[in-house]
Amino acid sequence: MSIGGEFDLDILLDRCLPIFLRKLNCTLAGVIQVEGQAWETVKVLPSIMIHMPQWMQVAADFSTRFISNHETCPELVSENRRIYGFCLNDFGLLILSRSSEFNTDFQKELLPVVDQLARACRSCLEAQRRREAEERLLFTQAQQKALLDNLPFMAWLKDDQGRYLAVNQIFIAECGRSMDEIIGRTTLEVWPGLLGTGYQEQDKHVLNSGEQLRWEQDGGADNPDKWMEYYKAPVLEPGGKIVGLAGFRRDITENKRRELELESQKKLVNALVDNAPASIWLRDAHGGLLLVNKLFQGQTGIGTDNLSITKDELAVCDQTDSLTLEADEPQQFEEHITFLDGNRHILQTIKSKLLMPDGKTMAILGLGLDITDRRRMEEELRQSEERYRGIVESQADLVVRVDNQGRFTFVNEAYCRTFGKTREELIGRTFMPLVHEDDLPATMKAMQALERPPHRTSLEQRAMSVDGWRWLAWEDFAIKDENGTIMEIQGVGRDITALKEAEIRLRFQADLEALLAQISTRFINLGAENMNQAVQSCLGEIGELLKVDRVYVFQCALDHRFWSNTYEWCARGIPPQINKLQDIPLDILPWWHDKMSRLENIVIPDMTALPPEAEAEKQFLEDQEILSLLAVPMIWDSALEGFIGFDSVRQPVDWRPADAVPLEMLASILINALKRKETEQRLMQSQMQLQELNVSLEAQVEVRTRQLGEAQRQLILGEKMAAIGQLAAGIAHELNNPVGFVSMNFQTLEEYIPLIVEVLRDYKQALNEPPGSAKQQQLLDKARALEEESAMDVIMDDIHALFDQSREGFRRITTIVNSMRDFSRTDPREEFVHADLNKGLRDTLVIARNSYKSIADIELDLGEIPHVECIPGQINQVFLNIIINAAQAMANAELDQMGIIRIQTWFASPDVFCAITNSGPVIPDQIRGKLFDPFFTTKPPGQGTGLGLSISHDIVVRTHNGSLTVSSDAEKGTTFLISLPMKQAIKKKGLEAED
């Protein structure tokens with residue numbers, strides 16, 4: 001077992017431990033070094049075991065037993081393994097593990113090998129310690145050389161025989177010899193003659209006595225103005241034995257010159273002391289008063305001959321003097337002394353020791369300043385600041401003060417909590433690093449504005465708090481001194497992040513709604529030739545507002561078996577994809593096609609969140625480098641015609657399902673425009689074909705054109721009638737009731753008329769016979785008998801009732817028909833006219849009766865109101881939407897009794913008001929705020945589109961400059977309040993119907 005020339009423990013164990021593993025069929029081999037009560041792992045194989053809990057537990061158990069009981073060969077059995085610990089004398093333990101045991105004889109054979117390993121480990125350890133000692137020695141010598149070479153004066157070291165061990169470069173320069181000519185030589189060899197003899201005598205004295213020598217010497221006759229200071233001291237071992245000496249020589253010519261200067265300045269100092277504005281005194285180490293200046297003596301009456309001070313005051317002075325004697329630095333105190341005016345004054349004193357050259361204390365110098373008045377003012381200021389701090393710290397708002405450089409001089413606790421910092425971390429530092437870089441210019445401008453009257457300013461900025469970037473609103477004002485100079489700036493801040501975020505959301509929603517309205521208006525009268533450019537422009541405007549990278553339109557093609565990208569907008573720097581995305585089979589994207597077929601929006605904020613069944617879609621989208629996506633189906637006549645998509649490829653967008661709702665309106669606008677484009681293109685194609693016909697067919701062309709116009713008007717009428725399409729069955733039922741009983745009355749009259757005719761015929765025949773004749777009498781009797789048999793009196797009375805009922809039936813039919821006609825009038829132009837809102841309400845109640853008659857009773861309180869300048873059809877649509885919504889809400893609530901819908905109108909100049917109240921369930925606050933949002937509905941799927949109240953709000957507010965509000969509580973019910981101006985401020989012109 002070889003150690004190697006390096007005597008390296010790691011190399012030794014790297015060679016030995018694998019042998020134990022192979023030769024002894026061990027599964028683990030490790031060496032632990034033990035020193036005293038401590039142990040550590042030197043090496044373990046396999047090496048991965050060194051950090052595993054199993055090895056740490058085994059090593060700890062064996063080391064503890066070895067340290068405590070000095071067991072030389074302990075054994076542990078664990079999980080079918082046997083673990084042995086062998087003592088490495090004066091080093092530690094060898095631990096071996098194997099599945100089978102070592103028998104006793106084999107252990108004995110193994111012990112010499114273990115002893116050899118122990119000797120090798122000790123040899124390596126000793127070699128390592130020698131190397132460390134040598135390194136420390138070399139390091140110490142290097143330190144000594146560096147120290148000597150960096151001393152600013154002449155320095156040297158000698159052994160106990162007076163031979164030079166080390167000198168610095170200044171020494172070499174002074175003696176004029178090289179390093180080799182100095183090191184190892186004696187003083188006489190380096191400095192021959194009397195000078196060397198004197199140095200040698202001094203060295204002997206220091207080495208024999210152990211005393212230090214220090215003396216000063218002038219330059220002699222050659223250089224009498226130059227002075228040198230010499231110092232020699234013994235070098236001792238830790239045991240106190242003298243092993244050499246150290247010597248220094250430095251030039252003190254300048255010090256000597258200063259001594260003379262100090263002597264000449266002594267008188268000047270005395271004059272300054274007597275005329276100083278502070279009290280000055282000097283006491284010796286025993287308390288005797290050596291010196292006082294005139295101010296101190298005048299204030300206290302105390303002089304060097306008259307120490308008139310009270311015992312208590314003297315005790316305090318003696319105590320502070322003692323503290324000064326114990327300290328190395330000047331000490332500051334406050335002492336109370338009775339002045340000649342009889343009052344106790346506060347002296348702020350600074351006391352310091354005056355030392356003699358040998359380091360002993362010569363005296364204590366005291367400087368005193370009367371701060372009695374200042375202390376009184378400081379106490380008043382402290383109390384004021386405490387009151388101010390109490391007020392500021394109780395504030396929830398942020399309160400800070402900064403100096404002219406923007407550095408904090410004060411922060412309250414609320415500011416520290418907001419930014420997660422302590423006062424110590426903030427005071428003295430500038431606030432600018434906390435401010436968002438985009439808000440720095442505005443912040444600097446606001447700080448500059450404080451320099452001008454009124455020295456106040458308001459500011460909103462973002463700052464990095466413990467919760468991230470937060471919006472803060474600041475009210476700042478400048479604090480000035482008596483000269484009008486700005487000393488500090490105080491700011492009071494409040495967190496307005498929630499308000500800012502709400503403003504941003506509202507502004508974005510308003511911008512989106514305005515853009516959608518603008519796009520919708522743009523497409524109204526747009527011709528087919530401009531449609532492509534308008535759609536492209538629309539995609540760009542939406543993309544820039546939403547800050548996405550691509551916006552595109554896909555349309556179904558080839559009998560709805562393929563997708564094709566028909567329009568695309570890309571942000572700057574984003575490559576287009578439209579040419580790659582043509583005629584894509586629907587069946588290669590089954591998950592996408594399934595969701596689109598069910599007319600669902602596709603919201604993908606993160607591609608990794610796609611379900612497993614969308615693996616094909618994930619690969620397809622990742623090929624386009626898409627990180628997040630939103631897609632909204634385009635629906636025409638309840639069928640899927642395509643979709644509009646929004647991609648992000650540079651950074652993902654956290655899309656939410658609610659984000660798709662307003663974009664559904666965009667999809668509806670685009671598909672309507674595209675379908676209209678197709679219709680117009682077909683119409684244009686038809687017109688071109690007609691123009692190619694013979695001039696003789698012009699009449700037929702004119703007829704055909706009229707037919708097309710009529711067909712177009714019928715389409716427009718169908719769109720307008722869609723609003724009451726859901727009421728058609730109810731209206732038919734309402735018409736069926738009066739028609740039914742009119743029909744029944746007609747049948748009854750058919751039965752009554754033959755009887756009446758027969759009776760009249762008999763009476764007529766009787767009148768034609770001679771009066772009083774038997775024939776006449778016979779006929780009269782027959783007529784009377786028939787009259788009695790058919791209850792003619794009853795018939796005659798019933799006929800009046802039948803006609804009255806029939807007239808009422810015809811009146812009800814007329815009312816329903818007139819109401820339908822007024823409600824769904826098909827004027828080609830919708831213009832503002834003066835209309836009776838009460839009549840509109842009655843007409844609306846007639847056509848909506850079937851929707852509420854089994855759910856709620858109607859209470860009308862219609863006041864006398866003037867006619868209102870409006871578009872009657874639109875206002876009637878608002879009434880219808882609100883009444884039907886009220887009936888549906890009460891029906892869904894399943895009330896135990898009939899509900900009530902109360903309708904009131906009144907006039908309060910210049911507006912006319914209508915309130916529609918229902919006794920249905922209360923609308924929660926979180927829902928009430930969304931009632932007028934597009935596509936928001938609380939109805940089950942398939943029962944509502946979420947557009948009724950949104951359209952109503954748009955009609956009242958935007959079209960008619962009125963207001964539509966809702967309130968709801970358990971006592972008063974839910975009320976929709978409509979207000980309309982009696983006259984429009986600006987004469988509005990109706991929209992022309994499409995020809």
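Me: Is Arg 249 buried or exposed?

Reply: Buried means under 20% relative accessible area, exposed over 50%, and partly exposed in between (1.4 Å probe, protein chains only). Arg 249 comes out at 14%, so Arg 249 is buried. One caveat: this is a predicted model, where local features need pLDDT of at least 70 and side-chain atom pairs count only at pLDDT 80 or more, while totals for chains, interfaces and linings use all residues. Residues are numbered from 1 along each chain as its sequence is written, and side-chain values use heavy atoms, with hydrogens and water left out.

Me: Which side chain meets Arg 249 in a salt bridge?

Reply: The cut-off: a side-chain nitrogen of Lys or Arg within 4 Å of a carboxyl oxygen of Asp or Glu. Here Glu 174 is the partner, at 3.0 Å, N to O. Glu 174 sits in helix α4 (residues 169–175) and Arg 249 in strand β10 (residues 242–251), so the pair ties together parts 75 residues apart in sequence. Helices (H or I, at least four residues) and strands (E, at least two) are DSSP runs, numbered from the N terminus. Glu 174, at 44% relative accessibility, is partly exposed.

Me: How many salt bridges are there in the whole structure?

Reply: The search finds 35. Among them, Glu 335 and Lys 351 meet at 3.1 Å, N to O. Glu 335 belongs to strand β13 (residues 331–338) and Lys 351 to strand β14 (residues 344–355), 16 residues apart. Both are buried.

Me: And what about Lys 595 and Glu 600?

Reply: They form a salt bridge too, with the closest N and O atoms 3.0 Å apart. Lys 595 is buried at 17%, whereas Glu 600 is partly exposed at 26%.
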